[in-house]
Structures are given as structure tokens and as C-alpha cells.
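Here are a few exercises to work through with the model open in your viewer. Try each task before reading its solution.

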Amino acid sequence: MLFIAFLLTATRIHAQTVVENELFYHIGEKDGLADNVVNCFYQDYNGMMWMGTQYGLNSFDGSEIRTWQSGNGKSADQLLSSDIRFISGDATHNLWVATQAGLSMIDLRTQKVHTWQYNGNNDMRSLACDGTKVWIATTDGLLLFDSKNQKFMHFANTSADPSTLSYYFNNNCNSLFLDSKKRLWVATVNGLWLFSQRSHTFEQFNNIKNDPAYDAMVTTVFEDHAHRLWMGCWGRGIKQIIPETHRVKNFLSNPAMPGHVTSITEQYKDGRYSLWLNGYLTEFKPEDVHFYRHLLKPIAQAAALDPVCVYTSRDNLLWISTVKGVYIIDPARQLFQHHFIIDQNNLTSQNAAVFAQKDRFWVGGDKDFLLKVFDYKFSLLRDYTPAIKALGPIYNSGNLAVMNITPRSETELWLSTNAGILKLNPVTGKIDIVCGSVSDNAKNASPFINDVFFAGDKTWCFPWRRGVWEFDAKSNQFRPVITKMPEGTGTKNLNLQDAVQDGAGNIWISDLDYGVVKYTLSTQRAERFITPDIANFGRTINILYLKNKVWILSNFNVVEIDPQTSKTRAWPLPQGMNKYVYGYTGDDDGNLWLATRTGLVIFNTATHSFNQYTEEDGLINNDLNGTLRMLPNGWMIYAGENYVTSFKPTELLRTPARKKLLLTAVATADTNLLTYDKPKVIVPPGNEKLTFKWAFINYNNPLQNRYYSKMDRIDKDWNYNGNKGITEYNGLAPGRYKFSYKAISADGLAVEESALVFTIEPAFRQTWWFRVMAAVLLAAGVWLLVEYFRRRERRKAALQLQLSALEMKALRAQMNPHFIFNALNSIQECIVTKNTTTAHSYLSNFSKLVRMILENSERQFITLGDEIETLKLYLSLERLRFDDSFEYRITVDPGIDTSFVHLPAMMIQPFVENTLWHGLIHKKGKKELLISFRQQGSSLICLVQDNGIGRDNAALLKTSNQLKKHSMGMKITEERLQLLETGASISIDDLKDEEGRPAGTKVTIVIPLDL
């Protein structure tokens, strides 16, 4: 719990000086204060409370406590010292703070801290703001700080010789006060001085001559609502200063005045003003010169706390600093008055009986408290207990209890007891026995009477579990009217407790076991009243008739019955209030008041809303196992245990003054976007988390204020945020939002709601123009890509046609007509010479070569294996024609799989043919041809190398027809490789011997392996 109700048991209060039973709220270190001991208070223009301690400055907005402290150096959010001596504010919303090490200022609009130090003594104890001037009390005289020029000026009290101790005491300032007439009062270790701002001189206002009880140590000065000036002293209490006559008024003759006063404040209470002094928490009423000490105790058995300082906020709350934290008193919240009227532990073991009439009320119980009558000041008027006990032995037993008091007339009260019914004449005081029990000849006697009910000429009583009995005036006896009701296949005994009569004369009765029974006057018949809103086996204690409606509580639902239509409506008790209900009553405005196990619950029959009051609001006990009754004077009383609590319902349900609801932060990471100079909140892009903080400036039970929030487009309904106004949202998309926030006071009476419209800026990629530009670029890119592929396909088709044509040309160019003619002549010659074996081999190889060339001509790429096979067939035929005059060798690197490597068809043959016919045919001696294939990286390297006569010598021997053939074949092959666009290349190198003579030709063909 973040607040404490201090309810101190006490006897009735007479003309005593010690006042008990105050209700306090508490905050301390456990709630976030830098230290329990607060040296000074101040409330700023927004209503926020500031508290200075020895270990930091605290701000409290009713939701959150924030602390400012000193650091290693000057900083925008750090003070010069954490030892805070005094706090005040100026007209431009700056907060000035006097510290042990210099002057600090907080700009309340930006929350930035500024600091200054005087070139001298900076031990500052108090300050007073006057426009741009800040007056400061130090231990070495008076300082003036001009906030406009940011310069200090020192003023020393030179009334005494600087070398004397008096000079030191005169300049050792405890506090400053600027009164309504702009007079600057300086309280020092050596009296009270008035400083002239015109002549810069000091004048002492208290001394032995004008003050017989002179106290040199003046601690504080205060001006009340009537502009009277008061000063507090270290050992002589409070004194009044009358500047016009230089008079000091003392109050030492009053023994209740505290001697040690260092803090004074004023509070409006009970229609008049009182001064509060920190010494013994004393209330001083100047009009009647009376001092009242209020015992401030955490628990009744503890020693009273002696306050450090006191302060009154603008909402008339008294703030008290102690070594155990800060306590808050609201005079308007001292709602419950507790009166201990008996010495025994409880009024009764049954339900207390309460009845009010004119200027008095009766309370019935048991043991030695059978029946007593009090006035509305709780003074005992008469005790009927002895008279009841004198009626006989049964009425003199300790078990007798009065359960209900029912008026028949102003001179006749009927008392329902557990030993029959008694009749009391309140005028004469005479008590008679109506009956000791109710019985018929067939049943046992029943002395336990729940209640008596009068309706017209009917007098009914409700014996325990015996139904309704009616009184017969002739026989002076009760006879049974309704005792049982149908229940399933059988019947049940009625256990009736209370009854009311509606406008039509029908009677509605509460049954302690089975709900509600309705008695129709016209038919004189009784029947159970059952609807979906009334529990079939629900306990109904009381029954009320308010605003032409019948009201009951059934199964934790407040139920309204329309007696004319028999329709019902129900409202469930909220969570936390829906525990055992002992009883209920109505007030003059038609509200229902419920005594429950969780406190006092109020149901407004007009708005259908619930409020609750507990120990935290001043009740002695939350378990209200007693009786509630309304008094004719507008008060309500609760009788339970050994005391009676009185309160005024209209005060509890009063409309409170409006409270300020502040939005204190809209933060991203550590940056608060809510600044005074920017009315609109715009959230920059890239912030994933938004934190909202808001505060309810309501210090009545402050840490039990309830906070709610809702974000449009995100939340469907209000979110409950607990007792702190803080919530977070993550991943909000860019756009415009409305954040609604509200707070409700602990008693549910004060409700404030507000909203903020803000915008989250989109990131660059989320802007509409970026999206339009991206869409245009995407469309352009798609168009370019489509156009690229379309052009590529057209080009590919054209290249395919061109390649096919070149391949046909290559086919025609590669197969030298002379080769075919000579090959056929060689075959013919072998046949003529009957060399059939050679002719057969020649013809077989020729046919294979022609077939392979024709097959390969249909494919753009062939395997390396097929190319090598074609070359072997071709070279074997050429070698036969050349009479085996040359040797050839074809090699392949072992790492090359010839069945998986592809290359263009007939790519190598033209170079081999060129080598034979131009390089080797004219060579004398040994003729050699080498063809090799190897892999280099991702390329196939093909070498065609001979040891012929070289290109230069061959060119001298060529005919024009040979030149044309060679040029066309080489050109077609190069064009084929270029059309592939794969990085293939052909290079031809001339080989030289050691003497530089031509020694052959080397052709290098590079073909990529990923064709």
C-alpha cells in the first residue's frame, strides 16, 4: 500500500487539546523519494509538488516521483548539490533551488537545469523571487541574483563590528520572506531584520526591548490570509510581528504551544483558517488563541512523530515532513467520526438494532447494552437496559439481544428480541411485554423474532424460520398467516427478515434462505418472486422501497424490481466489492449504501455506478459486520463492534473540485517530444516505441488514482494502466493518431479526460512520392527488362539464322573438293590394282567421315569425343593419300571427360586441314602434327601444332585459289566463335628454330566449357 490511514482508538472528545482520529496519506522512499526527510515543499504553476531533501530534489505529479541530483560537473539535468535547502518559483515558470553549494534553476517548460555559483559563500538556505531578482539567504549575508544579467550582489549586515561574534550572527541567515507589501524579512541567528531594498540597510525588528520573551534564533517568517506576519523561533514558539508599531506578540502563556517552531503554514478548515506549526504538529487558531496538538503516529502504539516542516498546497492539503516520510492531510476527507460508546467488545453477537427519531436515535444490542438512546452528538440520553432486565429472569440473562426496533407511532416502539416482543413508550419510558413467543397449539413456541412489520391495520412479525404471524388485538396473540411455501415436490419453512409496502399496498418480504416473497393485498396470497435476476436460493437480507422501486441485493447483484410490471434489472458488484454483504440501507437521494466485508459500498440508483470507502478512507475496519441507518439530520450511522461510525453521505458523494490532468511526456527512447514551444507532436521516422506519460494532479490518496488510456485505430476500449499514468505502444505505422487518456480519483468522484492528436512521420521509403517514384522506376525496369529479352530473342533468332548459314558455308569450305576427288581416285586406284583390303578400309573410313560430318552439321554443338573421332577419320584418310608421309598425335588431359565437354561442330578440322596443305605438304623430311586438349580454369584449350615450313614460306607457294580458300575458311570459323558471344578466341603463332628460321605453326583455340 502506498498510503496509510492512521486511526487511533480514543474515547469521546471533549474540550481537550489532543486531537486524534486524523486520516493521513503517506509517501516515502519506498515510493521513489530520494530521502524520507523532506526539508522544503513547493507547488508550481501546474500544480506539481516539489520536495527538497538532503539527497536530491523530487517532483511528484500524483503519478510519478522524479529525482534531480548533483553530478561531477555542470550538466543540463544535474544540480550543483543534492542537499536542497529551499524551493521557490517566479512568474516566468522557472523553479529556483537553493542548495548547499550554490543556486540552481529548472526551466519547467523544457526541464533543463541551469546553475550559478557566487564568488564567495554558496551555502544557501532560503530564497525569495521578485520579478527577475532572486534574493538568497546564506550563512554569510544576503545575496541578490539578477537573473537577467546573471550577476550576484552581496549585502552584509554591518550593524555590528565585523570582528565581533554579533556580526557573524547577524549575517548567518536562516530564511527569507518577501511579504505582500514587498518587504524583505531576514530571519537570522541574531533576530529578525527588515532589509531596505532602496537604501540597502538592515533594521532589527525584535529585541529585548519590544519582546520580553526575546528569542534570538528566528527560524522562519510567514504571512497569513489576513496579512498578519508570524515568526517561528527556536525555543520560544510562534510570535506575531506587528511592523507598524514594532511590536512582538507572544503566546507563552498557552502551555499547548510548541517551543520549537521552524515551519509555519495556513489551512482552511471547518469554515475558518488555522495555522499549522511543525512542533508536535500543532494547529493554532489565532482568533481564539488556542493550540491543538495532533498526534501523528504510524501505529497507535508508536511514539508520535515530530514534523520537520509543513506546507499547504493549493488544494488545501496539509503536507507534513517527518523522518518516516511525507504525510498528507485533507480536512475535507476527515469524513468518518468514530464513537466508542460501550466498554464491552461488541454491541451484540446478533445484528445491532438502530432506529432514529427526530433528534435522537436508539441502539440495541445484548449483555449490558440492550437498549440505549443518544442525541446526535453521541451523548447518552437514557439507558433502558436495567428496565428490560427487570421484566423477568429470561430478560435478565446474558443471552438476550434486541434485534430490531420498529415504530408503531411516536409513542410506541416494538422491540424484536430473541425472547419475544417488547413494547416501549419513549415518552414515559415504560416497557411492556407483548409476547414471550409465538406459537399455535400444534407447534412448539418460537421466541426468536427477526422483525416486526406494520402495514395499515396489519401487525406482522417474522419468527425465526416460522414465516409470517399476524397479531390479533382481541386475543392479544399472534396467529400464523404464511409459514411455508411450495418448493419442488414439497414445502419449505419461510425465514423472513424484512418487509416493505409498495404504492399499490402489496407487501414485499425478504427471505433469508430463498430470496423474495410477494404478498398481494387484493388476493391476500403470498408467492415466491423469481426472475433471472434473483437467485433461486439467494440470501436476501434487507428489502428497500426507493423511488417507487423495490431494491434488494441478490447473489452480489443489486436488483431493481418494478412493482407495477414485476420486471427486474440487475447490476453486479464490481470485482473487489463483491464479497459478503451484511446489510444495506438508502439515503435521502435514493442511493444504496452497503455494509460489506470489503468496506462501505455505494450504489447510485440514477447512474448505476459504484463507489467504495475503506480503511484507507478513514474506516476503522473494512469488515462492516453491523447495521447502517439514515438519520433525520442527514447523517448516516454504522453500528458495529464496540463503536458507532457517523458520516454525512452528501459529503462522501460531494462533487470535488476539478483536478488538472497533465500530459507530461510523449517520448521516444530518451527524447521527450512534448515541449512548450511545439504545440504539435510529430514523431520522427524510425522510432519503434512510443511512451506516453500523464498525471492527475490529485493528492487525495494520490497513489491510488486510477489511470486509463486508449489509442484510436489500435484499441477498441479503454485500457486500465494501474495507479501510474504510463503506457507504451510499439510498431505504430506512419499516420495521424488520437491518444486519449483519463484518470479517476481513488473514491471515483473526480474524473478527468483529455486527448492528444499526433503524427508519426513516414520513413523515406514510406512516403507517397517515394512509392510513386519506385512504382515508376519498377515499371520502367520491367519495360526495359521485357524489351531486353525481346531484343535478345530477336537477335538470337537472327544469329541462329546467320550461324546456320555460316555453318553451311563452313561445311562446304571445310571439305576440300580436292580431298573428296583425290579420296575417290585413291579408292578407284585400289580397286583397279585389286588392292581390295586397302580399298575396303579406305572406303569404310571415308563413309564414316562423311556420315559424321553430315550428322554433326545438324547440331550446333558436339561432344569433344565426337570431334576427336572426326579428326581421326579425317587424318587417317589424309595420311593414306600422303603415302604415310606424316605422323600425327592427338592427346587429351586425363581430367577431361570427352563425353561431357561440348564445342562447336567442325571447329578444329579447318585448322588441321590448313596445317596439312600449307605447312606439311611442302616440308622435306620428318613431318609431324600434334593436336592436344587441356583444361585451364573454365576454358578448354586446343592446340594444333606442326613442324612445317611456316606461314611466310607457305604464302610464297600458294596460288590465288588456295589463298581464297584459306582466307574464307579461317574467317568463317572466327565469325562462328564471335557469334557465340562466350569469350572464345583463336590465336596463331609462328614457331622458330634456334637459328630463327621458320619451324612450324601453332594454333591456340580457347573455348569456354559452359557452352
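**Exercise 1.** Which residues of H7 meet which residues of H8, and how do they divide into nonpolar, polar and charged?

*Solution.* Keep in mind that this is a predicted model. Start on the H7 side: the contact is made by Glu867, Leu871, Tyr874, Leu875, Glu878 and Arg881. Across from them, H8 brings Gln909, Val912, Glu913, Leu916 and Trp917. Now sort the residues of this contact by type, and you get six nonpolar, one polar and four charged.

**Exercise 2.** Work out whether H7 and H8 are roughly parallel or roughly antiparallel, and find the hand of their crossing.

*Solution.* Two packed helices are described by the angle between their axes and the distance between the axes. Take H7 as residues 864-881 and H8 as residues 909-920. Their packing angle comes out at about 20 degrees, and the axes are 11 Å apart. Next, apply the cut-off: angles under 35 degrees count as roughly parallel. H7 and H8 are therefore roughly parallel to each other. As for the hand, the crossing of H7 past H8 is right-handed.

**Exercise 3.** Find the largest nonpolar core and say which element gives the most to it.

*Solution.* The core in question has 38 residues, and Leu875, Ile908, Val912 and Phe933 have the most contacts inside it. Then look at which elements supply two or more residues: the helices are H6 (836-856), H7 and H8, and the strands are E70 (886-892), E72 (927-936), E73 (939-946) and E75 (998-1008). H7 gives the most, with seven residues.

Now zoom in on Phe933. Leaving out residues up to four places away in sequence, Phe933 touches a list of residues that includes Leu864, Ile868 and Leu871, along with Ile890, Ile908 and Leu940. Thr891 and Asp893 are also among the residues that Phe933 touches.

**Exercise 4.** Which phi values do His93 and Lys182 have, and are the two residues buried, partly exposed or exposed?

*Solution.* Take His93 first. Its phi is positive, about 65 degrees, although His93 is not a glycine. His93 sits in the loop between strand E7 (84-89) and strand E8 (94-99). With a relative accessible area of 28%, His93 is partly exposed.

On to Lys182, another non-glycine residue with a positive phi of about 65 degrees. Its loop runs between strand E15 (173-178) and strand E16 (184-188). Lys182 has 49% relative accessibility, so it counts as partly exposed.

Conventions: Residues are numbered from 1 along each chain as its sequence is written. This is a predicted model: local features need pLDDT of at least 70, side-chain atom pairs count only at pLDDT 80 or more; totals for chains, interfaces and linings use all residues. Side-chain values use heavy atoms; hydrogens and water are left out. Axes are lines fitted to C-alpha atoms, for helices over the stretch in contact, and angles run from 0 to 180 degrees between N-to-C directions. Helices (H or I, at least four residues) and strands (E, at least two) are DSSP runs, numbered from the N terminus. Angles under 35 degrees count as roughly parallel, over 145 as roughly antiparallel, 65 to 115 as roughly perpendicular and the rest as oblique. A crossing is left-handed if the near helix is turned anticlockwise from the far one by less than a right angle, and right-handed if clockwise. Contact means heavy atoms within 4.5 Å. Ala, Val, Leu, Ile, Met, Phe, Trp, Tyr, Cys and Pro count as nonpolar, Asp, Glu, Lys and Arg as charged, and the others, Gly among them, as polar. A nonpolar core is a set of buried Ala, Val, Leu, Ile, Met, Phe, Trp, Tyr and Cys residues joined through side-chain atoms within 4.5 Å. Buried means under 20% relative accessible area, exposed over 50%, partly exposed in between (1.4 Å probe, protein chains only).
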